[in-house]
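Biologist: I would like to learn how to read aromatic pairs in a structure. Could we begin with the general idea and then turn to the case at hand?

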Amino acid sequence: MPRVIVAILLSTILAVGISLPAFSLAPIERQSDQTALFREILDRLATRHYRGQEINDDLSKRYLSTYIEMLDPLKSYFLQSDIDEFNQWQTQLDDLARRGDVEPGFVMFNRLRDRLIGQLQANIDLLESDYQFDYSVDESIVLDGEERQWMQTTQQQRDYWRKRIKDSMIRLLLNDKEPAKARELLLKRFKNQITQMEQRDSQDVFQLYANALASLYDPHTAYFSPRTTENFQINMSLSLEGIGAELRTEDEYTKVARVIPGGPADMQGILKAEDKIIAVGQGDDELVDVIGWRIDDVVQLIRGPKDSTVRLEVLDGGSDSSDSSKIIAIVRDKVKLEEKSAHSKIIEIDQDGKQLKLGVIDIPAFYMDFEAYRKRDPEYKSTTRDVYKLLMELREEQVDGIVLDLRNNGGGSLHEATMLTDLFIDTGPVVQIRNAYQQVSRDQRATMRAAYSGPLVVIINRLSASASEIFAGALQDYGRALIVGSQSFGKGTVQDVTGLSSGQLKLTVSKFYRVSGDSTQHRGVMPDIAFPSLYDIEEVGESHQENALPWDNIHSVPYRQQTGLKQYLPLLVEQHNKRVARDPDFIHLIDELALSESWDADKSISLNLEKRKARNSEWDNQQFLLENKRRKLKGLELYADVAAWKSANKSSDEDQVADADVDTNNEAGQEHSGKPQDHKQPQEHKQKEAAKNKDKDKDKEDKNIAESDPMLQEAGYILADQIRLLDGGQSDRLLANNKNAEQ
């Protein structure tokens, strides 16, 4: 058919809403053994999960809603008529589940598959025609499914997809992609998504339907099919080999759940939690678009032999609309225990004209080499052993106090959390654990005299989780240390993996409680002195997860305050507030976070190319003004204009890329909608590279080690205030006592 006729037909379809021919495959059928398996899963959830809940009509309604959201989270494929039809099961799924009847799950999935393939084929037809997008029209689109209703008609759906394709084109054009190349990339993406959907089978559908039920209990409970179990080598999490990251699926994206401390991605320093992987390439090969792919297929692309290179195109995790991308090259390796070991450094703080020497111990994880321990290797690695050695080294350096840095520490061994607490408190309970039968265990205890009893600050952030929260919570309850930073993750539950007749079930069986009786679940640890969060509290953390177990408390256990530190807290907070109100780097950090938050508040995206370009320019201008504000406060020479600022940043970025071995040739085309690359990253990798990003003249010459990290700098000042308040030289006496203390 001539292209002009195709274009006319498509224009007519878009205008009047004529339905396209259905692209229907043979329906995916349930397997006979899935009835018994589903009943087995339901029984385990009902009898072993920490959260008991009735299998009733209310659960049925939530089950249906959750499954539909899993199938079509952006409200892109189903119509309101589909949802009305599915509502026949609103109060029936509970009864069907008891019988092991999973038929509704297959009916809804097959409908999604037909809708999706039909729509993607329509997208392909549009892009292969001579249809030209008008970028001068003043129209907009809302991509977030939570901000939209189900579409009523095919016409609405076609118009939505026309806008969505136009938005994708604009993103690529803004990143200097040629129009023809942009269309080619989108065509490849849609064709790949059709191929991926055509490969789905009964096992995939069953796993999705079972997980919709499991997720109603809590976000850490999940069913893994035999294929998923094998691919991910389940052990309380989905452990991704090759780069050291845990992945999950969200909407159409493969998302980074956690970067494993000490792994290749962590050592490379740019990939971070919540980033979305949109393309994967092997070495210098062309990037393969993976939006809409099965997560296990994405994993297969990322996996590879040690010392080989994988290239990832990722979107900043703060965006729901694919608004920026960057290329990250990571050399595959295994997580090496020694690379994620605790390590220390010394910083100097000027306190009222007196130079204080402070030790900083960075603890990236709570690790223990259990195999070496079982073999009775006297040199086995563990967090506690490593930190003890560092304490002894810092004692020899005669430091005045110590900062323990638990930022981004996602947890690990409960045993190590207990043993590490034992280094800093005298004897007493560390944590309480309550199981599904409401039985409380208090066996985790500190049993020895503290190895270090001097001035102490613990710094946490939103990614400090699990064992980190147990440790920080214990030191806070005992009054042993000031906790500074931002609210922690709130992961206060214990999971167990149990085998099934087919696959495995990971379910929550216990809950952690502090010695005060407060749970760490959901709420996490609240700092004594709060810093601005580098992560959106509403987007990252346990409280953001659907059906997360709530915060609660139980009876406290007998314990005693081991210092009088808390009496000084109001004065310490007052000093902190005065200091950060005039600290240029801290002010700059807060300003950047506020700018990112305000920038993301607009849910509607313009589809006018000139307006998008103007939005780009406005973002650059806002960043330029913030940087000059910082430089003025520091007494540094101001940038003359945006071009001078961008030129300086470009030089710094090139240094970063060279150090990280990042390939800057984005063959798939970088996308953004008016926000430059890394618009929400005044965060982790920016802080790691801040010494390169900031001034290279006298600012660099005068820089001490803490100034590359404003939050660590401020934690040091808080510790210095604490030392000063410890009553005329008491800190010196404490340090002297520590020199005579034995483990």
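Modeller: Rings of Phe, Tyr and Trp (its six-membered ring) pair if their centres lie within 6.5 Å, and planes under 30 degrees apart count as stacked, over 60 as edge-to-face and the rest as tilted. This is a predicted model, in which local features need pLDDT of at least 70 and side-chain atom pairs count only at pLDDT 80 or more, while totals for chains, interfaces and linings use all residues. Residues are numbered from 1 along each chain as its sequence is written, and side-chain values use heavy atoms, with hydrogens and water left out.

Biologist: How many aromatic pairs does a search of the whole structure find?

Modeller: The search finds 19 aromatic pairs. In one of them, Phe38 and Tyr209 have ring centres 5.8 Å apart and planes at 20°, so this pair is stacked. Phe38 belongs to helix α2 (residues 34–48) and Tyr209 to helix α9 (residues 202–214), so that the pair links distant parts of the chain, 171 residues apart; helices here are DSSP runs of H or I, at least four residues, numbered from the N terminus.

Biologist: Are Phe38 and Tyr209 buried or exposed?

Modeller: Buried means under 20% relative accessible area, and exposed over 50%, with a 1.4 Å probe and protein chains only. Phe38 is buried at 0%, and Tyr209 is buried at 1%.

Biologist: Which residues do ring pairs link into a cluster?

Modeller: The cluster consists of Phe38, Tyr63, Tyr67, Phe206, Tyr209 and Tyr223.

Methods
Helices (H or I, at least four residues) and strands (E, at least two) are DSSP runs, numbered from the N terminus.
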